[in-house]
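Open the model in your viewer and keep the sequence panel beside it. The tour goes stop by stop: select, look, move on.

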Amino acid sequence: MTAFFPRLLLCCALLAGVGTLASEARQQAETIKISRFSGKPLPRFESLRYSAVHGRQGPNLDYPIMWRYEREGLPMLIVRETHGWRRVRDPDGDEVWMQARMLSATRTVLVVRDVELKRRPSGDAASKARVKQGVIAELGDCEGDWCEIEIDRQSGWVAKSELWGTELATGKL
């Protein structure tokens, strides 16, 4: 009988541990959503495929056009999906629906203020060029607080905080 209570306590502890693991797995699954329409994670960044793309009020051609985007390569944050349509957030924070075929998986970033393009991922690294606010660049690898970008076949490093299109800052989706 004396061995019964330690075993009971051990069983309770194990069950509590399993419950904690299940809770952690649930929380992780909630932060990383996989779309049942595309099979890709949500949220994620893609870019505009064309130089003229309409953003609509809803996921259908019957909905009115809210915005006309005229910047091929502009990064957009995909926050929701339906069959053939994507709810996107633009760099200004506006959200509209776009046809999925208007977006490209090519990762780009928008430079949010004038910056120096660095030779290495460091604030004290030598500068290669000056990049103006509003420039769209292809996104390479990111290391810590720095990302490698390419503009007109010239690549270099820029602080992540100077770019829109790297962080999945979504608020509460």
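Start with a definition: a residue is buried under 20% relative accessible area, exposed over 50%, and partly exposed in between (1.4 Å probe, protein chains only). This is a predicted model, where local features need pLDDT of at least 70, side-chain atom pairs count only at pLDDT 80 or more, and totals for chains, interfaces and linings use all residues. Residues are numbered from 1 along each chain as its sequence is written, and side-chain values use heavy atoms, with hydrogens and water left out.

**Whole chain**

Colour by secondary structure. The chain has one helix and 16 strands. Both are DSSP runs numbered from the N terminus: helices are H or I with at least four residues, strands E with at least two. Of the 173 residues, 34% are buried. Now show the surface. The accessible surface comes to about 11,000 Å², and 51% of it belongs to carbon and sulfur atoms. Such areas come from the Shrake-Rupley method with a 1.4 Å probe; for residues, only the protein chains shown count as cover. Next, contacts (heavy atoms within 4.5 Å). Among those between residues at least 6 apart in sequence, 52% join residues at least 24 apart.

**Stop 1: the salt-bridge network**

Select Lys40, Arg44, Glu46, Glu81 and Arg86. These residues are linked in a network of salt bridges. A salt bridge here is a side-chain nitrogen of Lys or Arg within 4 Å of a carboxyl oxygen of Asp or Glu. The whole structure holds 11 of them.

Centre on Glu46. Its salt bridge with Arg44 has the closest N and O atoms 3.0 Å apart. In the salt bridge between Glu46 and Lys40, the closest N and O atoms are 3.7 Å apart. Which of these residues are buried? Glu46 is, at a relative accessible area of 8%, and Arg44 counts as buried at 10%. Lys40 is partly exposed, because its relative accessible area is 35%.

**Stop 2: Glu95 and its partners**

Select Glu95, which is partly exposed at 29% relative accessible area. Glu95 forms a salt bridge with Arg87, the closest N and O atoms being 3.1 Å apart. The side chains of Arg89 and Glu95 make a polar contact at 2.6 Å. That term covers a pair of N or O atoms within 3.5 Å; within protein, one must be able to donate a hydrogen and the other to accept it, and residues adjacent in sequence count only if both atoms are side-chain atoms. Arg89 is buried, with a relative accessible area of 15%.

**Stop 3: the cores**

A nonpolar core is a set of buried Ala, Val, Leu, Ile, Met, Phe, Trp, Tyr and Cys residues joined through side-chain atoms within 4.5 Å. The largest has 13 residues; among those with the most contacts inside it are Leu48, Tyr69, Met76 and Leu103. Strand S6 (75-82) and strand S8 (95-99) are the elements that give two or more residues to this core. A second, separate core of 12 residues includes Val109, Val115, Leu139 and Ile149.

**Stop 4: the aromatic pair**

How many aromatic pairs does a search of the whole structure find? One. Select Phe45 and Trp164: the ring centres are 5.1 Å apart and the planes at 90°, so the pair is edge-to-face. Phe45 lies in strand S3 (residues 44-48) and Trp164 in strand S16 (residues 163-164), 119 residues apart. Rings of Phe, Tyr and Trp (its six-membered ring) pair if their centres lie within 6.5 Å; planes under 30 degrees apart count as stacked, over 60 as edge-to-face and the rest as tilted. Finish on Phe45, buried at 5% relative accessible area.
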